[in-house]
Amino acid sequence: MGRRARPKEDLDIELAELPPELRWREWMGRVEAVIFASPEPVTREVLARVVGRDCKIDLIIDDIRDELRGRPYELVSVAGGWQHRTRKNFAETIRAAIGAPGDGKALSQTEALILACIAYYQPINRTELSSFFGKEVSRDTIARLRGLEFIAAGPRSPQPGAPYTYVTTKAFLSHFGLETLRDLPDMEMLEEAGLLSKDKMLAGEFPDPLPAHDDDEEAGDRTDMS
């Protein structure tokens with residue numbers, strides 16, 4: 001395990017002068033404040049900068065979650081970190097009040113199909129994608145997904161010309177509420193159940209985490225609580 005980075009401005013992280021209960025409450029407040037203020041999921045390494053060496057971050061997270069029970073927002077594990085997000089059952093309420101968030105990240109059917117394929121078969125290059133769908137996958141579509149930061153360049157393929165492959169990103173995990181790629185539905189199980197196949201994907205049928213336009217997920221994404 002790497003050596004913990006020294007906190008800036010000599011922040012007292014050990015809080016040795018405080019009794020244990022107050023020390024724990026202060027650590028809880030610091031952790032929640034950092035997560036609350038961040039527009040991106042906050043990793044364990046970042047949180048470790050504001051708490052003592054003996055602080056169990058997982059237990060801190062559990063205690064914060066307990067205190068948020070019954071609140072309209074929760075602390076979720078996404079993209080290798082933690083983030084505040086409004087609960088999905090308030091999606092209709094949010095839409096009624098302010099409409100669906102206009103973050104510009106709604107996907108067309110074609111984009112969602114290609115993103116689903118990359119998610120399950122990464123690393124995969126554009127030629128392989130085109131072969132999978134039986135028609136050319138345009139550079140514009142790849143550029144759109146890269147512009148949304150859902151995919152990035154992966155290792156070069158061992159094929160002639162060593163083309164770049166594509167992989168999904170932490171932004172992809174965060175947007176679709178996944179902690180890791182292991183949270184994607186199991187491919188073999190989906191195929192055995194007849195829920196996922198090339199024909200179904202070409203017909204516009206998607207695995208649950210990759211909808212073409214899922215209003216509940218969009219409204220359930222992090223809202224600005226600052």
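Visitor: How many helices and strands does the secondary structure of the chain come to?

Guide: The chain comes to 11 helices and 5 strands, where helices (H or I, at least four residues) and strands (E, at least two) are DSSP runs numbered from the N terminus. This is a predicted model, in which local features need pLDDT of at least 70 and side-chain atom pairs count only at pLDDT 80 or more, while totals for chains, interfaces and linings use all residues. Residues are numbered from 1 along each chain as its sequence is written, and side-chain values use heavy atoms, with hydrogens and water left out.

Visitor: Why is S130 called buried?

Guide: Buried means under 20% relative accessible area, exposed means over 50%, and partly exposed lies in between (1.4 Å probe, protein chains only). S130 has 15% relative accessibility, and therefore counts as buried. The residue lies in helix α6, residues 126–133, and, leaving aside residues up to four places away in sequence, S130 touches K135, E136 and V137, a contact being heavy atoms within 4.5 Å. Over the chain of 226 residues, buried residues make up 40%.

Visitor: What makes E67 and R25 a salt bridge?

Guide: The term requires a side-chain nitrogen of Lys or Arg within 4 Å of a carboxyl oxygen of Asp or Glu. For E67 and R25 the closest N and O atoms are 2.5 Å apart, so the pair qualifies as a salt bridge. The pair links distant parts of the chain, with E67 in helix α3 (residues 57–67) and R25 in helix α1, 42 residues apart. By this rule the count comes to 7 salt bridges.

Visitor: Why is E67 called partly exposed, and how is R25 classed?

Guide: E67 is partly exposed because its relative accessible area is 43%, and R25, at 42% relative accessibility, also counts as partly exposed.

Visitor: How do you know that D66 forms a salt bridge with R69, and why does R69 count as exposed?

Guide: The closest N and O atoms of D66 and R69 are 3.0 Å apart, so the pair meets the cut-off for a salt bridge. R69 counts as exposed because its relative accessibility is 62%, whereas D66, at 41%, counts as partly exposed.
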